[in-house]
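This report is written for a reader who is meeting the structure for the first time. Please keep the sequence and the model open while reading, and look up each residue as it is named.

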Amino acid sequence: MRIAKLASVGLFGLVVGLGVCGRAQTGHGPLEIKSGLGRQLYGLPDDQAVIDARKALAADPRNVELVLKLSKALAARRQYQEAVAVTSEGLKIAPDNADLYLERGHRELGLRQFSAAGKDLDMAARLAPGMLDAYYHLGLSHYFLGEFEGAAVAFARARALARTDDSLIDCTNWLYVSLRRSGEEAEAAEALARITPAVKNTEPHLYFYLRLLHFYQGQLTAEEVLPAAPKGPDDVEGELSFDTVSYGVGNWKLYHGDAEGAAALFRNVVKGEAWNSWGFIGSEVDLGRMK
């Protein structure tokens, strides 16, 4: 019903209409997708940021910055269906806007629409060849499709654009695992060479990627790098770190031939609520391939 409605309303109607029909009646937000493992995945209810962004865009519906602001506010509440719809309407206004293609592709990844995301992210990269995030998310679209060589190419391009340690850490993690999954062990080892003791994170969540890189380098054991399980459904940061590292260690087990150990870690991840995290998506995709 939500999707059918999108085709018949303009941007103003979309902003107002979806805000009403998409709200939860049972304590959570709208149903977003059914996962590849058969689980129904929901968004979170609107917060004030969504309400304010919706009103602002309704008052100025051709403002691309407001389109992006609403999409990001919706995505923060895991309302990815509406985020994609909003950016699609924005692209009717500004069909050559790389930021809109990036934003839509990013949210399509969360909806497991990996091929559609790849097309949007490739367009973003073509329109803005210096956009690191376009290549980074393009790499994820290839990775989740099992196109590991293509993923490595995209992550290498993203890393070449990195200007901070945070970006270097983030891109190197995915470049390394893409190379390992494509069987390029020597190139993967070379990718790790740039992660020296001088490389430090500034964004807190990248600490977990940095520890994973140290694990890949043999500086930490799996037991040392794995974080504690999240304290509950409201422990967002705890779940993000748990998903990120558990998937990384499980992935390491997978390309070292321990499929059973990998699957055990992946199953722990997909029990959680942060279904839009890359660790959750990766765990879900790999469990699906193991069936």
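## Two loop residues with positive phi

R112 is found in the loop between helix 6 and helix 7 (114-127), in a model that is predicted. Although R112 is not a glycine, its phi is positive, at about 65 degrees. With a relative accessible area of 16%, R112 counts as buried, because the limit for that class is under 20%.

A second residue to look up is R78, which lies in the loop between helix 4 (64-76) and helix 5 (80-93). Phi of R78 is near 60 degrees, and this positive value again belongs to a residue other than glycine. The relative accessibility of R78 is 12%, and R78 is therefore counted as buried.

## The hairpin of strand 1 and strand 2

Strand 1, residues 31-34, pairs with strand 2, residues 40-42, in the antiparallel sense, and the pairing runs over three bridges. Together strand 1 and strand 2 form a hairpin with five residues between them, and in the turn G38 has a positive phi of about 90 degrees.

E32 has its place in strand 1, and with 4% relative accessibility E32 counts as buried. Between E32 and Q79 there are 47 residues of separation in sequence, yet their C-alpha atoms are 6.8 Å apart in space.

## Salt bridges across the chain

Side chains of opposite charge can pair when their charged atoms come close. In this model the count comes to 14 salt bridges, and the pairs described here are among them.

## Buried charged pairs

Which residue forms a salt bridge with E108? The partner is R104, and the closest N and O atoms of the pair are 3.9 Å apart. Because E108 and R104 are four residues apart in helix 6 (residues 98-110), about one helical turn separates them. E108 and R104 are both buried.

The side chains of R181 and D286 also meet in a salt bridge, at 3.0 Å from N to O. Here too the pair links distant parts of the chain, with R181 in helix 10 and D286 in helix 16, 105 residues apart. Both R181 and D286 are buried. Elsewhere, salt bridges that share partners join D46, R54 and E82 into one network.

## D286 in its helix

The helix that holds D286, helix 16, covers residues 278-290. Is D286 buried or exposed? At 3% relative accessibility, D286 counts as buried, and its partner in the salt bridge described above is R181.

A distance in the model can be followed from D286 to L91, which are 195 residues apart along the chain. The C-alpha atoms of D286 and L91 are separated by 33 Å.

## Helix 10 and the residues that follow

L168 lies in helix 10, the helix that also holds R181. With a relative accessible area of 6%, L168 is buried. L168 and I195 are 27 residues apart in sequence, and the distance between their C-alpha atoms is 8.2 Å.

E184 is placed in the loop between helix 10 (165-181) and helix 11 (185-192). At 31% relative accessibility, E184 counts as partly exposed.

Which residues form a negative surface patch? The patch is made by E149, E184, E187 and E190. Since residues in such a patch need over 30% relative accessible area, the value of 31% for E184 can be set against that cut-off.

Key
Residues are numbered from 1 along each chain as its sequence is written. This is a predicted model: local features need pLDDT of at least 70, side-chain atom pairs count only at pLDDT 80 or more; totals for chains, interfaces and linings use all residues. Side-chain values use heavy atoms; hydrogens and water are left out. Patches are made of residues with over 30% relative accessible area and no salt bridge: like charges are joined within 9 Å, nonpolar side chains (Val, Leu, Ile, Met, Phe, Trp, Tyr) within 5 Å. Accessible areas come from the Shrake-Rupley method with a 1.4 Å probe; for residues, only the protein chains shown count as cover. A salt bridge is a side-chain nitrogen of Lys or Arg within 4 Å of a carboxyl oxygen of Asp or Glu. Lys and Arg count as positive and Asp and Glu as negative; His and the chain ends are not counted. The place of a charge is taken as NZ of Lys, CZ of Arg, CG of Asp or CD of Glu. Buried means under 20% relative accessible area, exposed over 50%, partly exposed in between (1.4 Å probe, protein chains only). Two strands pair if DSSP finds at least two bridges between them.
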